[in-house]
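Q: I have a new model on screen and want to learn how to read it. Can we go through it feature by feature?

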Amino acid sequence: MSAKRTVDLTVGTLLLITLAPLLAAAAAAVAAGSPGPVLRRAERAGLDGRAFTVFTFRTTHEGALTPVGRLLRRHFLELLPQLLNVVRGEMSLVGPRPLAAPAGRGGTARARLAVRPGVTGLWQVGGRSELPWEEMDVLDLHYVEQHWLGLDLAILLRTPSAAARGRRRDLTVHPVPVRVA
């Protein structure tokens, strides 16, 4: 087992245990806030393009952001269920965000599939969601080309403060841009 996978499994498991009360409270708030499932499941492309189901807390109801969803998104708490994906080996704690499955095989998509997708990464701790798509893509590609355990640890140490600061832009639901290779 690689050092990165060992860190992912150890830290991911410890975070799931430590954050269990927060996960339970968030799940209860989502359930009480609007009808529907607590978790949202979406197909994503992982390492080498293998499809997997990524988990997030549901933040919308009938296409509108719920009050609970707004709070979860502001501080990136909707992503906490992805710790299950980390422990299962489908994701890493640090890496590029997972691509929608099936992912394209050309250009930047192929490069991103060379590593496991991550819960956090360079753009999440650098500029968060305020960065244009192109800059986020460049930072993800830089990570793919330059990743090493020291960089992962630096990103992990910066993630809590970035999440505490939260998103600064409007949290309305916008369609995700789709890139065609």
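Q: Does Thr56 count as buried or exposed?
A: Keep in mind that this is a predicted model. Buried means under 20% relative accessible area. Thr56 has 9% relative accessibility, so it counts as buried.

Q: Where is Thr56 placed, and which residues does Thr56 touch?
A: Thr56 sits in strand β2, residues 51–57. Leave out residues up to four places away in sequence. Thr56 then touches Val38, Leu39, Arg40, Glu78, Leu79, Pro81 and Gln82.

Q: What are the totals for helices and strands?
A: The protein has eight helices and seven strands.

Q: How many residues are there, and what share counts as buried?
A: There are 181 residues in the protein, and 41% of them count as buried.

Q: How do I read contacts against the sequence? What share comes from residues 24 or more positions apart?
A: Take the contacts with a separation of 6 or more. Residues 24 or more positions apart account for 66% of them.

Q: Which residues does UniProt list for "signal peptide"?
A: The UniProt record, an unreviewed entry, lists residues 1–31. Such annotations may be inferred rather than shown by experiment. In the model, residues 1–31 are 90% helix and 0% strand. The end C-alpha atoms of that stretch are 38 Å apart.

Q: What surrounds Thr59?
A: Set aside neighbours within four places in sequence. Thr59 is then in contact with Ala64, Leu65, Thr66, Gly69, Leu72, Arg73 and Glu78. Glu78 is also among the residues that Thr56 touches. Compare sequence and space too: Thr59 and Arg40 are 19 residues apart in sequence, and their C-alpha atoms are 8.5 Å apart.

Q: What is the phi of Phe76, and where does Phe76 lie?
A: Phi of Phe76 is near 65 degrees, a positive value in a residue other than glycine. Phe76 lies in the loop between α3 (67–74) and α4 (82–87). Phe76 has a relative accessible area of 10%, so it is buried.

Q: How do I read helix α6? Start with Leu122.
A: Leu122 is in helix α6, residues 122–126. Leu122 is buried, with a relative accessible area of 15%. Beyond its neighbours within four places in sequence, Leu122 is in contact with Leu139, His142, Tyr143, Leu151 and Ile155. Leu122 and Val94 are 28 residues apart in sequence, yet 8.3 Å apart in space, C-alpha to C-alpha.

Q: And is Trp123 buried or exposed?
A: Trp123 is also found in helix α6. Trp123 has 13% relative accessibility and counts as buried.

Q: On to pockets. What volume does the second largest pocket have, and what lines it?
A: Its volume is about 440 Å³. The second largest pocket is lined by 20 residues. Leu15, Leu80, Val119, Thr159 and Pro160 lie nearest its centre.

Q: Which elements supply that lining, and what is its class make-up?
A: α1 (3–18), β7 (118–120) and α8 (149–165) each supply at least two residues of the lining. α8 gives the most, with five residues. By class, the lining has 15 nonpolar, four polar and one charged residues.

Q: Finally, how many cavities of 30 Å³ or more does the structure hold?
A: The structure holds one. The largest cavity has a volume of about 50 Å³. Its lining residues include Ala45, Pro96, Arg97 and Arg112. By class, that lining has seven nonpolar, no polar and two charged residues.

Technical notes: Residues are numbered from 1 along each chain as its sequence is written. This is a predicted model: local features need pLDDT of at least 70, side-chain atom pairs count only at pLDDT 80 or more; totals for chains, interfaces and linings use all residues. Side-chain values use heavy atoms; hydrogens and water are left out. Helices (H or I, at least four residues) and strands (E, at least two) are DSSP runs, numbered from the N terminus. Buried means under 20% relative accessible area, exposed over 50%, partly exposed in between (1.4 Å probe, protein chains only). Contact means heavy atoms within 4.5 Å. On a 1 Å grid over the protein atoms alone, a cavity is a set of points where a 1.4 Å probe fits but cannot get out, and a pocket is an open set with protein on both sides within 12 Å along at least five of seven lines; lining residues have an atom within 4 Å of a point. Grid points are joined across faces, edges and corners, and a volume is the space filled by probe spheres set on the points. Ala, Val, Leu, Ile, Met, Phe, Trp, Tyr, Cys and Pro count as nonpolar, Asp, Glu, Lys and Arg as charged, and the others, Gly among them, as polar.
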